[in-house]
Amino acid sequence: AERMRERERLWVGDLGKLLEEGDWRAAVDRSLDSYYAAAAKEPGMVALRAAIRVLPELRAVEAEASEAFQKELASTLTGLGVELDRRHMKALCQTIIESAATLLDAALTSPPAHARRLLDELKRMIRNLLADYVEA
């Protein structure tokens, strides 16, 4: 489970790069596209992720990895000028990460054309959500 999480983090890329990209919207798109392309090459990825969420002994690993990713995302958003109290930032980051995980899993089990539509809608959803918080 831990090795899978490490691979997934590589697929997403360095969230701190969002700060260097200039266009955070394009960076969000690239990050999601990168994850999807890599995960699509891994047979059984969705089943493995589902097992991790169900098996009690692996849930702790999943929760720890999710918490670390949320903190990284919060740090990146803060660097982009997002100023929220700790609870609000946690809720925002959890919303993004859990929504992305669910829709990426759905895309990975869908026919290619529908998967592309799901991925496009996920990117639009995250960009629109963050647009309310990130200064243009």
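Author: Contact, or touching, means here that heavy atoms lie within 4.5 Å. The model is predicted, so local features need a pLDDT of at least 70 and side-chain atom pairs count only at pLDDT 80 or more, while totals for chains, interfaces and linings use all residues. Residues are numbered from 1 along each chain as its sequence is written, and side-chain values use heavy atoms, with hydrogens and water left out.

The setting comes first. The protein has 7 helices and 0 strands, where helices (H or I, at least four residues) and strands (E, at least two) are DSSP runs numbered from the N terminus, and along the sequence the pattern reads α-α-α-α-α-α-α. Of the 136 residues, 35% are buried; buried means under 20% relative accessible area, exposed means over 50%, and partly exposed is in between, with a 1.4 Å probe and protein chains only. Among the contacts with a separation of 6 or more, 69% join residues 24 or more positions apart.

The helix you ask about is α7, which covers residues 112-131. With 20 residues, α7 reaches 28 Å from its first C-alpha to its last, close to the 28 Å expected at 1.5 Å a residue; the expected span is 1.5 Å times one less than the number of residues. The buried residues of α7 are Ala 115, Leu 118, Leu 119, Leu 122, Lys 123, Ile 126 and Leu 130. Seen down the axis of α7, these residues fall within an arc of 135°, so they line one face of the helix, the arc being that of the directions from the helix axis to the C-beta atoms. An α-helix has 3.6 residues a turn, so residues three or four places apart point the same way. The cover over the buried residues of α7 includes α3 (24-40), α5 (56-79) and α6 (86-108).

Ala 107 lies in α6 and is buried, with a relative accessible area of 1%. Leaving aside neighbours within four places in sequence, Ala 107 is in contact with Tyr 36, Ala 115 and Leu 118; Ala 115 and Leu 118 are among the buried residues of α7. Tyr 36 is 71 residues from Ala 107 along the chain, with 8.2 Å between their C-alpha atoms.

Another of the covering helices, α5, has 24 residues that should span 34 Å at 1.5 Å a residue, and its end C-alpha atoms are 35 Å apart, which agrees. The buried residues of α5 include Phe 69, Gln 70, Leu 73 and Leu 77, and α5 is followed by Gly 81, whose phi is positive, near 100°. In α3, Ser 31 is buried at a relative accessible area of 15% and touches Trp 11 and Val 12, not counting residues up to four places away in sequence.

Finally, α7 takes part in the lining of the largest pocket, to which α1 (2-12), α3, α4 (45-54), α5, α6 and α7 each supply at least two residues. A pocket, on a 1 Å grid over the protein atoms alone, is an open set of points where a 1.4 Å probe fits, with protein on both sides within 12 Å along at least five of seven lines, and lining residues have an atom within 4 Å of a point. About 650 Å³ of space lies in the largest pocket, a volume being the space filled by probe spheres set on the grid points, which are joined across faces, edges and corners. Of its 32 lining residues, Val 12, Phe 69, Ile 97, Ala 100 and Ala 101 are the closest to the centre. The greatest contribution to this lining is the 10 residues of α6. By class, the lining has 17 nonpolar, 5 polar and 10 charged residues, where Ala, Val, Leu, Ile, Met, Phe, Trp, Tyr, Cys and Pro count as nonpolar, Asp, Glu, Lys and Arg as charged, and the others, Gly among them, as polar.
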